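Q: I am new to this structure and would like to learn how to read its features one at a time. Can we begin with the ligand?

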Amino acid sequence: MEGYGTTTYGELNVERYDAMYQESMQTETQACVEALAELAGGERVLELAIGTGRVALPLAALGLSVHGVEASIAMVAELRKKRGGDAIPVEIGDMAETSVEGTFDLVYIVFNTIFNLTTQEAQVRCFQNVSRHLKAGGLFVVETVVPDFSEYVDGQRMKGSWAEMHSARFEISIHDRIAQTVAFQRVVISDDSTEMVPHFMRYAWPSELDLMAQLAGLERRERWAWWDKSPFTTTSKSHVTVYAKSAT
Ligand SMILES: C[S@@+](CC[C@H](N)C(=O)[O-])C[C@H]1O[C@@H](n2cnc3c(N)ncnc32)[C@H](O)[C@@H]1O
């Protein structure tokens with residue numbers, strides 16, 4: 001999607017992000033925070049694409065030293081407004097290459113955000129960047145959906161949310177199965193305006209993520225269907241995968 005860059009998601013979603021996800025995802029966030037705290041092992045942890053701190057703030061409240069990388073200055077400004085948000089060091093930049101001082105016991109990326117890197121090459125570089133930031137024996141946790149195109153017809157999906165007398169809302173997604181990308185547009189039309197929120201992502205199958213990890217010197221240790229450690233099966237819609245850097 002021409003013009004869609006690393007800061008686009010944050011710029012377009014910052015105003016609605018917390019309203020959309022902070023409340024509605026409370027149970028998921030709590031399960032995620034508990035699992036990450038258990039995995040952390042040490043106290044220095046790094047969140048890639050930290051956003052407005054949905055996960056980082058409760059994790060820091062447990063006593064962990066949480067750091068972040070984030071492309072969007074606007075998203076970080078929201079984090080800074082929250083209690084404890086000022087105490088979290090954040091490097092502004094692209095998570096595929098941004099360096100943070102020191103090494104970490106745990107690096108994590110949640111909520112499908114690895115797919116915000118829109119090329120395979122950027123995703124590979126991100127795994128390598130993570131590996132550089134892990135201590136020996138450190139863990140990298142990735143949470144994402146398992147891609148599912150069962151609702152797509154001819155590489156497209158259209159979903160309506162409402163159709164009223166003077167407005168309608170719908171979402172259109174276009175799938176490129178060679179590049180493994182989905183171009184998405186959420187449209188709200190009313191008598192006097194049109195609002196559009198685009199999103200562009202590059203998905204990877206779990207096996208491809210494992211290969212990226214291997215290229216970066218990381219080995220898969222666990223794969224669960226969700227934060228509750230439920231077994232990952234062929235029908236799982238998501239996965240939480242734990243990669244480890246060799247202890248030597
Ligand atoms: C779905 S939000 C997730 C935010 C937070 N991790 C959470 O779980 O609530 C995606 C975040 O990724 C950030 N982002 C997108 N591309 C990025 C990149 N290349 N490098 C760093 N951050 C990026 C966006 O600005 C946004 O804050």
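Q: Which helix gives the largest share of the shell around the ligand?

A: This is a predicted model, in which local features need pLDDT of at least 70 and side-chain atom pairs count only at pLDDT 80 or more, while totals for chains, interfaces and linings use all residues. Residues are numbered from 1 along each chain as its sequence is written, and side-chain values use heavy atoms, with hydrogens and water left out. Helices (H or I, at least four residues) and strands (E, at least two) are DSSP runs numbered from the N terminus. Here helix H1, residues 8-21, supplies three residues of the shell, the largest share.

Q: How many residues surround the ligand, and which are the closest?

A: A residue is near a molecule if one of its heavy atoms lies within 4 Å of it. The ligand is surrounded by 21 residues, and the closest are Tyr17, Glu47, Ala49, Arg54 and Glu70.

Q: Which polar backbone atom is 3.2 Å from a nitrogen atom of the ligand?

A: A polar contact is a pair of N or O atoms within 3.5 Å; within protein, one must be able to donate a hydrogen and the other to accept it, and residues adjacent in sequence count only if both atoms are side-chain atoms. The backbone atom belongs to Ala71. A side-chain N or O atom of Asp94 is 3.0 Å from a ligand nitrogen, and a backbone N or O atom of Met95 lies 2.9 Å from a ligand nitrogen.

Q: Which residues touch the most other members of the largest nonpolar core?

A: In soluble globular proteins, nonpolar side chains tend to be buried together. A nonpolar core is a set of buried Ala, Val, Leu, Ile, Met, Phe, Trp, Tyr and Cys residues joined through side-chain atoms within 4.5 Å; buried means under 20% relative accessible area, exposed over 50%, partly exposed in between (1.4 Å probe, protein chains only). The largest core has 30 residues, of which Leu48, Phe127 and Phe140 touch the most other members. Helix H5 gives the most to this core, five residues.

Q: Is Asp105 buried or exposed?

A: Asp105 counts as buried because its relative accessibility is 15%. Asp105 lies in strand S4, and its side chain makes a polar contact of 3.2 Å with the side chain of Lys135. Contact means heavy atoms within 4.5 Å. Leaving aside neighbours within four places in sequence, the contacts of Asp105 include Ala40, Arg44 and Leu139.
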